[in-house]
Amino acid sequence: MTEETSGETARATPIKVFLLDDHEIVRRGIKDLLESQGDIVVVGESGSAVEAAARIPALRPDVAILDGRLPDGTGIDVCREVRSVDPSIHALILTSYDDDEALFSAIMAGAAGYVLKQVRGHDLIDTVRRVAAGQSMLDPAVTAQVLERVRRGPQVDPSIQQLTPQEQRILELIGEGMTNRQIGATLFLAEKTVKNYVSSMLAKLGLSSRTQAAIFATKHAQP
C-alpha cells in the first residue's frame, strides 16, 4: 500500500521545465511535445539568455532546457550561472551543433545532458524524465575524456607553438596591455627589436594588428 501511494504521489507531481530558445516556433513545438505527456509542465520560457538567467532561479524548474547558442549569450553560460545560484536545477543543453569544445564547456558548467536538436521526440521526453530524476545523460566515455583533459591542463593552441619563446613572451605582455617601449624595458630589448618580433609574431598567427594580438593573447592565456 505504501509503495502504491508513493508511486501515485510521484506521478501526481509534474516535472517542471523551463525552455530557453530564441525561436518561438521551436519553443512552442517542444512545449506541446512535453505537455502532451501529462507528467511534464512548462513553467516558463524565454528567447533571451539574460532574461532566462534571471527567471530560472525564481521559477525553480526541475529541468531547464537551454539552447546552446543565443543572440545574447549561450545556454552553457546560463547553465553555469543558474547552477551557481541553485545546484538543484538540472540543465539540459539542446543544440544544433555537434561541437567538442561546447560539450566540454557544458560538462564543466554542470549540465546533466547535451542533446542535438535532431533528437527524436520520445528520446527528448525520456531524457527530460531521467534528468529530472537526477541522472546524468552524458556519455561516460566523453565525461572521462573531459576529466582527463582537466588533469592535463589546457591544450596549447597549435598556432602558439610555432612562435619562438621570446615571441610567446611578447604576446603575453601585449595581452597585459604593454606598449612596445614597455615590453622592451621589461625584456631588456631595443624598441625596434620588439617591433620586429611583433611583426614576425603577427605574421605567424595570421593577425593584422596589436589589438587582435591582445585579444588572441587574452583568449589563450594560461589560468
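Me: Before we look at this predicted model, what makes a set of residues a nonpolar core?

Reply: A nonpolar core is a set of buried Ala, Val, Leu, Ile, Met, Phe, Trp, Tyr and Cys residues joined through side-chain atoms within 4.5 Å. In this predicted model, the largest such core has 24 residues. Those with the most contacts inside it are Leu-20, Ile-56, Leu-66, Val-78, Cys-79, Ile-93 and Tyr-114.

Me: Which elements give two or more residues to this core?

Reply: They are strand 1 (15–20), helix 3 (49–59), strand 3 (63–67), helix 4 (75–85), strand 6 (90–95) and helix 5 (100–108). There is also a second, separate core of 17 residues, which includes Val-17, Leu-19, Leu-34 and Ile-40.

Me: What does Tyr-114 touch, not counting residues up to four places away in sequence?

Reply: Tyr-114 touches Leu-92, Ile-93, Thr-95, Tyr-97, Asp-99, Ala-102, Leu-103, Ala-106 and Leu-138.

Me: Why is the Arg-27 and Glu-45 pair called a salt bridge?

Reply: The cut-off is 4 Å between a side-chain nitrogen of Lys or Arg and a carboxyl oxygen of Asp or Glu. The closest N and O atoms of Arg-27 and Glu-45 are 2.9 Å apart, so the pair qualifies. Arg-27 lies in helix 2 (residues 24–35) and Glu-45 in strand 2 (residues 40–46), so the bridge ties together parts that are 18 residues apart in sequence. A search of the whole structure finds twelve salt bridges.

Me: How do you know that the buried residues of helix 11 line one face?

Reply: The buried residues are Val-194, Val-198, Met-201, Leu-202 and Leu-205. Seen down the axis of helix 11, they fall within an arc of 100°, so they line one face of the helix. The face turned away from that buried side carries the exposed residues Lys-192, Asn-196 and Ala-203. Cover for the buried residues comes from elements including helix 8 (158–161), helix 9 (165–175), helix 10 and helix 12 (210–219).

Me: What makes the span of helix 11 close to the expected one?

Reply: Helix 11 has 15 residues and reaches 21 Å from its first C-alpha to its last, against the 21 Å expected at 1.5 Å a residue.

Me: What makes the phi of Phe-188 worth a look?

Reply: Most residues other than glycine have a negative phi. Phe-188 has a positive phi of about 60° although it is not a glycine. Phe-188 sits in the loop between helix 10 (180–187) and helix 11 (191–205).

Me: And why is Phe-188 called exposed?

Reply: Exposed means over 50% relative accessible area. Phe-188 has 78%, so it counts as exposed.

Key: Residues are numbered from 1 along each chain as its sequence is written. This is a predicted model: local features need pLDDT of at least 70, side-chain atom pairs count only at pLDDT 80 or more; totals for chains, interfaces and linings use all residues. Side-chain values use heavy atoms; hydrogens and water are left out. Buried means under 20% relative accessible area, exposed over 50%, partly exposed in between (1.4 Å probe, protein chains only). Helices (H or I, at least four residues) and strands (E, at least two) are DSSP runs, numbered from the N terminus. Contact means heavy atoms within 4.5 Å. The expected span of a helix is 1.5 Å times one less than its number of residues. The arc is that of the directions from the helix axis to the C-beta atoms.
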